[in-house]
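Dear colleague,

I am handing over the structure shown below, together with an account of what was found in it. Please read the account with the structure open beside you.

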Amino acid sequence: MRCYLLLCWFSLFIGVAQAQKGPAATPATDAARPAPKRQLQATRISTPPKLDGLLDEAVWQSAPIATKFYELEPTPGPIEKHPTEVRVLYDDAAIYVGAIMHDVSQDSILRELSNRDNIGNSDWFGVLLDTYDDHLNGYQFIVTSGGVQADARLSPTNGEDGNWNAVWDSRTALHGTDWVAEIRIPYSAIRFSKALEQVWGLNFVRQRRSSRQKFFWNEVKPQVDGFVNQWGELTGLRDLKPPLRLSLTPYVSTYLNHYPYNEQGKKNATTTFNGGADVKWGINESFTLDATLVPDFGQVQSDNQVLNLSPFEVQYNENRGFFTEGTELFNKGGLFYSRRVGAQPLGFGTVDGQLHAGTRMADGKRQGGEFIVQNPGITRLLNATKVSGRTSKGLGVGIFNAVSNDVYATVQDSTTGERRDVLTQPLSNYNIVVLDQSLKNNSYVSLVNTNVTRAGSTYDANVTGGLFKFANKANSYAINGRVIYSNRRGKAFGSQDEVADQDGYKYYLNYGKVSGKFTWSVDHGIESHSYNPNDLGLLFANNNISQSASASYNIYTPFWKVNKLSTYAAVGYSLLERPMLYQDMGVYLGGNTTFTKNFLTTGLDIDAAPLTRDYFDPRRAPLGKYYVRKPANVGFNGFFSSDYRKKFAWDVKYGARVFTADGDRTGRYTYALTLGPRYRASNQLSFVYAISYERRLNQIGYAGGLNASDSTDAPVFRRFGGKEGDVLLGRRNVTTFTNTATATYTFTNRMSFNIRLRHYVSNVHYRDFSRLHPDGLETPEPAYNRNRDNTFNAFNIDAVYSWWFAPGSQVSIVWKNAGASFFEANAATPLYFDNLSNTINTPHNNSVSVKVLYYLDYLALRPRRG
């Protein structure tokens, strides 16, 4: 069967490849080709201009001008009516960009202040540099009319990675009906070769917010695949010498933490003091080492905790700067989930099983057992290091390494008071190596290896993958794919048994048309039943064979009452890999558009699926014997988003899913609604609120494990066949509310205050229970009467004051308030305001921290000669 699927796929690939040798280019196909590359010559200077937003030095007047920008949004193609003029200078230390944005009046230049990397409701200007001219990877430096900076790395892997931050400088000013941006980009912020004469990829971008128009100096066509490959060229760069890039950013932080234990001998309030540093060293002109020593991530935004009823873990966003900045190489192939580094210890959930139980003495007296005093939920890192860069030949190299310390839980004997430590995580080393070779025609080949090595007798893990993308010369068709092998060796943590999933593999192939109004693709992939990259990656479920076909049709120019229209259609089909059994299939349709007059954006997605089989929800291994039937269903999701230029704007998301009757199971459906109003009181103060409601009725799913020692569960447990026998399912209603409110006040373009409040509550009510037999057969269990209802509440406040008092240097003061509660059986509360009251009245952890980091650049500190 597997060979047959591969044969079908390659037959289709060969047929399509032959079909592309069709007739000569037509005007329609020309529209899908990149525009000709424009050139701008940079002017070398000996004395740097003063960064003041005036452009009044003579060197600015003598430099060549880049003007006549092409519109991309909302109407691709026309030349701008309000000209933009850009000049580029350079010396031995930096690139200087001066830009004048002509406009109608100052009222037409919107200037909302916002946090760094958040453009807000503002005009802005950007410089785009492809320093190796590989047409794949680039840098983006943006400054708004209010002086707020934003920067990003651009790559095929991450697209626009706004988490990357560089140290550079800029000034903006209003002059009559114009606004001016003056930018200094030091060579220490970018990487380039040491060739005597260089040509860099170059583009400039301007956003005119009042008309919601976006313009590029070198025309960017939306129907062309890729972005960096559509830039122009910066010439005239001679005798550039990559500087010694060496900087140190030491930090000190202090925390005051309060939790109302109210226990004798245990302090409610504690204080800590931390210190460490980030180091950045340019090893050579191509590669940079980034290291964080004794890192402190206590000020990052709190995770959005949720009630998880699925068999898979919850994926949380990465908020730690070191793991989000400049990770385009490490994210190749999707094999790196950075939350694994410093994650919950392996043995966090097994400490209970290692407690010494209480005993009855010879005299009949009862001696108490042990209890847990402390069980850390995170692993403290000792250090983390990244080496990354790209050579002049287009070879990208990335090396990541992190070391975490041993983690211990503390348990105490309730009678003697004696304490002991229980190892929950051994000393561990996390490593990633990436080689990524850029090729012509927007193509690449890559090799990725991830490795986790742990001290002691527990297991180690290694994953190796090869990736590729090859496009034809016209960049109209492309094939991409990956082959990955996973290997795990050793004993499971805290066990004498060998770890499972020792060897596994994955491969994926995709071929299709990638440019033009009409695009399409076909793909096929397999994840073997033993493929497991989860020691440093994230995979929700393996044991899968999937294939799909998709097509999209996009109209990029305004017509009727809309600016543009994007549509897609797809069909997918999947099987278990072992045993090869049907899982699911689906048909998907959707599209989105923006209306011309009021800039209302709306989209709708519709899907339909026949009866599917969920082999994962029963939590039984090996897969294939048990599955939960999901009846045929139809669902839709949509959204509306109004014009953010208005003081009051709003977002609406909605969705529903209806299931057909399945035997005596009827009335199953889901609906959800999210309302998100936002109000901008001024250019400095704004409010955003979102309330979300979801209701799932008559959902059938795993009801939890049966406890052999529970009087209600015990007879059912034995009758079902024990831990490896039949499964208890429950028919349940799940109601979830989420409220999130955010307020931001921006004092200046370098100082802001932000406060975010989130309350989440999810209530589960079981209506009845059934027994899941092999092959999806279910029989009612009317006699089972254990109350398995539950309610989960989470409440968080994150308040952050941030002041960038110098380039790369920051003071931040953070207050975090966090509380969570989980109620079961009769204690579960279905009413929202009762849950809100319970959440407010349960103990909360309060933390106030102050952190100061200061950027020290060797080039600025070294003694000046002469």
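In what follows, a residue is called buried under 20% relative accessible area, exposed over 50%, and partly exposed in between, with a 1.4 Å probe and protein chains only. By this rule Asn 542 is buried, since its relative accessible area is 15%. Please note that this is a predicted model, in which local features need pLDDT of at least 70 and side-chain atom pairs count only at pLDDT 80 or more, whereas totals for chains, interfaces and linings use all residues. Residues are numbered from 1 along each chain as its sequence is written, and side-chain values use heavy atoms, with hydrogens and water left out.

Helices (H or I, at least four residues) and strands (E, at least two) are DSSP runs, numbered from the N terminus. Asn 542 is located in the loop between strand E30 (518–527) and strand E31 (544–555). A polar contact is a pair of N or O atoms within 3.5 Å; within protein, one must be able to donate a hydrogen and the other to accept it, and residues adjacent in sequence count only if both atoms are side-chain atoms. A polar atom of the Asn 542 side chain lies 2.7 Å from the backbone oxygen of Tyr 531.

I turn next to the sheets. Two strands are said to pair if DSSP finds at least two bridges between them. In general, strands of a sheet pair through backbone hydrogen bonds, either parallel or antiparallel.

E10 is joined to strand E11 (residues 178–186) by 7 bridges, and the two run antiparallel. Within this pair, Leu 174 is placed opposite Trp 179 in E11.

Another open sheet has 3 strands in the order E20-E23-E24, with antiparallel pairing. Its edge strands are strand E20 (370–374) and strand E24 (419–425), each of which pairs on one side only. From one strand to the next the twist averages 35 degrees, where axes are lines fitted to C-alpha atoms, for helices over the stretch in contact, and angles run from 0 to 180 degrees between N-to-C directions. Strand E23 (residues 407–413) runs antiparallel to E24 and is joined to it by 6 bridges. Val 407 stands opposite Gln 425 in E24.

Strand E13 (residues 213–216) also deserves a look. Gln 213 and Phe 215 point one way from E13, Lys 214 and Phe 216 point the other way, and all are buried. E13 pairs with strand E3 (residues 70–73) in the antiparallel sense over 3 bridges, and Glu 73 stands opposite Lys 214. E13 also pairs in the antiparallel sense with strand E12 (residues 197–208), over 4 bridges. Here Arg 208 has Gln 213 as its bridge partner. The hairpin of E12 and E13 has 4 residues between the strands, and Arg 212 in it takes a positive phi near 55 degrees.

Some backbone geometry remains to be reported. Most residues other than glycine have a negative phi, and most peptide bonds are trans. Leu 55 has a positive phi near 55 degrees; Leu 55 lies in the loop between E2 and helix H3 (58–62) and is buried at 6% relative accessibility. Ala 825 likewise has a positive phi, of about 55 degrees. Ala 825 is in the loop between strand E45 (809–824) and helix H6 (832–841) and counts as partly exposed at 26% relative accessibility. A cis peptide bond, with omega of about 0 degrees, joins Glu 73 and Pro 74; Pro 74 lies in the loop between E3 and strand E4 (84–90). The peptide bond from Ala 621 to Pro 622 is also cis, with omega near 0 degrees, and Pro 622 is in the loop between strand E35 (612–614) and strand E36 (628–630).

With kind regards
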